[in-house]
Amino acid sequence: MTFVLGLTGGIASGKSTVSEYFLEKKIPVIDADKIAKEVVEPRTPGLSKVISHFGTSILQNNGELDRKKLGTIIFNNEAERMALNEIVHGEIEQRIDQLVDELKRESLSLIVMDIPLLYEVDYQEKCDEVMTVFVSHQTQMTRLMKRDNLSEEEATERIKSQMPLIDKALLSDVIIDNEASIENTRLQVDRWLSIFEQTR
Ligand SMILES: CC(C)(COP(=O)(O)OP(=O)(O)OC[C@H]1O[C@@H](n2cnc3c(N)ncnc32)[C@H](O)[C@@H]1O)[C@@H](O)C(=O)NCCC(=O)NCCS
Ligand SMILES: Nc1ncnc2c1ncn2[C@@H]1O[C@H](COP(=O)(O)OP(=O)(O)OP(=O)(O)O)[C@@H](O)[C@H]1O
């Protein structure tokens with residue numbers, strides 16, 4: 001039986017940093033952010049629906065989605081965020097389910113689903129365990145502002161648009177503390193993997 005590990009956390013808490021490590025270890029990772037980008041590529045039904053709702057002003061000159069512009073709209077307006085979620089989440093979930101089915105058919109022992117909004121969309125039901133990548137609010141703010149070049153206000157809005165990270169941590173089976181170095185974080189993942197292998 002393939003074990004499905006859900007990987008979640010808050011915006012900029014370090015999910016990609018952890019999923020890159022799983023990939024280095026040759027463990028397949030389904031990346032929800034990547035799938036979310038694919039469903040709104042040029043000439044997709046997803047992008048057409050997004051344009052119908054948000055208008056052509058959310059496009060760049062080359063016809064691609066202006067992600068920065070759409071981000072500014074949805075992270076500042078709950079109704080617009082819910083509208084976008086309503087448009088794209090169905091297809092994202094279908095693609096994730098399809099990938100999980102395909103990987104399960106390969107009889108792999110472990111696969112990882114990296115889903116930022118895992119609890120928000122109730123995907124814990126589809127996981128054998130959930131791992132939350134946790135950092136303090138201050139660290140999350142600092143890393144988010146630096147990585148995405150955001151003001152304090154913009155970073156706060158983005159963090160507030162998600163379930164509080166502490167609630168995700170409390171709901172999850174495993175917490176990875178990503179406050180210290182990346183090396184330290186990797187050691188915690190190693191520990192989980194070694195327990196996983198011993199108990200299989
Ligand atoms: C708004 C968009 C265009 C901004 O694109 P951008 O390239 O700037 O960011 P990216 O997609 O890399 O997302 C960065 C992070 O933002 C957070 N985030 C993204 N969408 C949402 C959302 N709808 N609600 C809350 N947080 C979100 C996640 O933590 C994600 O990891 C994009 O995030 C998007 O299409 N979101 C809707 C799809 C979605 O819910 N994605 C989350 C994974 S399923
Ligand atoms: N332990 C760490 N020490 C220092 N910087 C870190 C650490 N972990 C991650 N970072 C940096 O913090 C930022 C956020 O990390 P990462 O992109 O992995 O988060 P994420 O949870 O995948 O974000 P998102 O939800 O936006 O996709 C990145 O710039 C990353 O390089």
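Q: A residue is buried if 20 or more other C-beta atoms, placed from the backbone, lie within 10 Å of its own, exposed if 12 or fewer, and partly exposed in between. Is asparagine 149 buried or exposed, then?
A: Asparagine 149 counts as exposed because it has 9 C-beta neighbours inside 10 Å. Keep in mind that this is a predicted model, where local features need pLDDT of at least 70, side-chain atom pairs count only at pLDDT 80 or more, and totals for chains, interfaces and linings use all residues. Residues are numbered from 1 along each chain as its sequence is written, while chains are lettered from A and ligands numbered from 1 in the order in which they are written.

Q: Where is asparagine 149?
A: Look in the loop between helix H6 (137–148) and helix H7 (152–160). Helices (H or I, at least four residues) and strands (E, at least two) are DSSP runs, numbered from the N terminus.

Q: And what is its phi near?
A: Phi of asparagine 149 is near 55°, which is positive even though the residue isn't glycine. Most residues other than glycine have a negative phi. Serine 107 also has a positive phi, near 55°.

Q: OK, new topic: which residues are closest to ligand 1?
A: Ile11, Ala36, Arg67, Gly71 and Pro116, out of 17 that surround ligand 1 (C-beta atom, placed from the backbone, within 6 Å of it).

Q: Which helix gives the largest share of that shell?
A: That's H5, with 5 residues. Helix H2 (32–38), helix H4 (67–74) and helix H5 (78–105) each supply at least two.
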